Amino acid sequence: MAGRAVVLLSGGLDSATTLAVAQEEGYECFALSFDYGQRHARELESAKQVAASLGAVKHLTLRLDLRAIGGSALTDEIDVPKGRSHETMGAGIPVTYVPARNTIFLSHALAWAEVLGSQDIFIGVNSLDYSGYPDCRPEFTEAFERLANLATKAGVEGTSRFRVHTPLIALSKAQIIARAYELGVNLSLTWSCYEPEPDGRACGLCDSCLLRKRGFAEARIADPVPSAR
């Protein structure tokens, strides 16, 4: 075994694949999800199912009220963009950006890792199909790794050297999907949609749905999750 690792698990394609990668690399995986008041809380059920399917040692869901802060279409009364072109999605930071979300999530993962005696944190960020989010870039995760070793007892005392793993950072969505299939991830358990339909299906038009659609099409694999459009 490579030791213990904390893996951020949203319930989406990328985080599910990241958990599978960490498992394949021999880590004893502790999955961490967040109920932060997100509009698409449906993803939490997926995270639970993915963690069980892939054999995480433990799956912890923390509750944070980011709706109290707002500022995002996912946590506030702001419309979720629909039907945007791929070019438009890649230009600027969209209203679905949740202020400092990955910084908040990684901070909690770091705290749990220190308690577990783990040096390794996995996050499924991606710098290609990432909807323009600033906290999905390699510069961000590299900076957080440096912070982790300055801001913890384990790091300062030299008992741990924290590492932030980003195994999907340079992959397209199609490559991530192909990798997931190679690793045997049950993608029917995953969830991507920001604003599910009343009948429970994915909307098919939000940025996350469109990126997912494009990824499956380019990978030439059928998406097992039903979509309204």
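Trainee: Which residues of helix H7 (residues 173–182) are buried?
Mentor: Happy to start there, and keep in mind that this is a predicted model. Buried here means under 20% relative accessible area. In H7, the residues that count as buried are Lys-173, Ala-174, Ile-176, Ile-177 and Ala-180.

Trainee: Within what arc do the buried residues of H7 fall, seen down the axis?
Mentor: Take the buried set, which includes Ile-176 and Ile-177. Looking down the axis of H7, you find that its buried residues line one face of the helix, because they fall within an arc of 160°.

Trainee: Which helices are included in what covers the buried residues of H7?
Mentor: The buried residues in question include Lys-173 and Ala-180. Their cover includes two helices that you can pick out in the structure, H1 and helix H8 (207–219).

Trainee: Which residue that follows H7 has a positive phi?
Mentor: Go past the end of H7 and check the backbone angles there. A phi near 75° is positive, and the residue that has it is Gly-184.

Trainee: Is Ser-192 buried or exposed?
Mentor: Ser-192 sits in the loop between H7 and H8. Leaving aside residues up to four places away in sequence, Ser-192 touches Leu-13, Ser-208 and Arg-212. The cut-off for buried is under 20%. Since the relative accessibility of Ser-192 is 11%, this residue counts as buried.

Trainee: Now the strands: why is S2 (residues 27–35) largely enclosed by the rest of the structure?
Mentor: Look at its pairings before the count. S2 runs parallel to strand S1 (residues 3–8), joined by 6 bridges, and also pairs in the parallel sense with strand S3 (residues 58–63) over 6 bridges. S2 is largely enclosed because the number of its 9 residues that are buried is 7.

Trainee: Which helix does the chain cross through from S2 to S3?
Mentor: A β-α-β unit made of S1, helix H1 (residues 13–24) and S2 is right-handed. The crossover from S2 to S3 is right-handed too, and its helix is H2 (residues 42–54).

Trainee: How does Glu-28 count by accessibility?
Mentor: Glu-28 has its place in strand S2. Buried would need under 20% and exposed over 50%. With a relative accessibility of 28%, Glu-28 therefore counts as partly exposed.

Trainee: What arc do the buried residues of H5 cover around the axis?
Mentor: The buried residues in H5 are Phe-140, Thr-141, Phe-144 and Ala-148. They lie on the same side of H5, because the arc they cover is only 90°.

Note on methods: Residues numbered from 1 in each chain as written. Predicted model: local features only at pLDDT ≥ 70, side-chain atom pairs only at ≥ 80, totals over all residues. Heavy atoms only, no water. Buried < 20%, exposed > 50% of the residue type's maximum accessible area, 1.4 Å probe, protein only. Helix = DSSP H or I, 4+ residues; strand = E, 2+ residues; numbered from the N terminus. Pairing = 2+ DSSP bridges. Right-handed = clockwise from strand over helix to strand, strands pointing away. Arc of directions from axis to C-beta. Contact = heavy atoms within 4.5 Å.
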